[in-house]
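Let's walk through this model together, one question at a time. Take a look at the sequence and the fold before reading on.

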Amino acid sequence: MDVERDREIIRLWNELRRLQREGRPTAVLIRRIEQALAAREQEAA
């Protein structure tokens, strides 16, 4: 596992939660999280 990639995913997740609390759009951020998770999964394989 890449620690930097994991930190980025956590940062994105926290940003997503903040946007949700504020009632702001989150679709773009969700897509970025999905891409980061997919990249991490491919590196692990």
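Q: Which residues does Thr26 touch, not counting residues up to four places away in sequence?
A: This is a predicted model, so its contacts are computed from predicted coordinates. Thr26 sits in the loop between helix 1 (3-22) and helix 2 (27-44). Leaving out residues up to four places away in sequence, the residues that Thr26 touches are Leu16, Leu19 and Gln20.

Q: How many helices and strands does the chain have, and what does its C-alpha trace span along the principal axes?
A: The secondary structure comes to 2 helices and 0 strands. Along the principal axes, the C-alpha trace spans about 35 × 15 × 10 Å.

Q: How far apart are the end C-alpha atoms of helix 2, and what span should its residues give?
A: Helix 2 has 18 residues, and at 1.5 Å a residue they should span 26 Å. The expected value agrees with the distance between the end C-alpha atoms, which is 26 Å.

Q: Which residues of helix 2 are buried, and within what arc do they fall?
A: The buried residues of helix 2 are Leu29, Ile33 and Ala36. Seen down the helix axis, they line one face of helix 2, because they fall within an arc of 65°.

Q: Why can residues three or four places apart in an α-helix point the same way?
A: The reason lies in the helix repeat. Residues with that spacing point the same way because an α-helix has 3.6 residues a turn.

Q: What is included in the cover over the buried residues of helix 2, and which exposed residues does the face turned away carry?
A: The cover over the buried residues of helix 2 includes helix 1. On the face turned away from the buried side, the exposed residues are Ala27, Val28, Glu41 and Gln42.

Q: How far apart are the mean positions of the positive and negative charges of the chain?
A: The chain has 10 positive and 9 negative charges. Their mean positions are apart by 6 Å.

Notes
Residues numbered from 1 in each chain as written. Predicted model: local features only at pLDDT ≥ 70, side-chain atom pairs only at ≥ 80, totals over all residues. Heavy atoms only, no water. Helix = DSSP H or I, 4+ residues; strand = E, 2+ residues; numbered from the N terminus. Contact = heavy atoms within 4.5 Å. Lys, Arg positive; Asp, Glu negative; His and termini not counted. Charge placed at Lys NZ, Arg CZ, Asp CG, Glu CD. Expected span 1.5 Å × (residues − 1). Buried < 20%, exposed > 50% of the residue type's maximum accessible area, 1.4 Å probe, protein only. Arc of directions from axis to C-beta.
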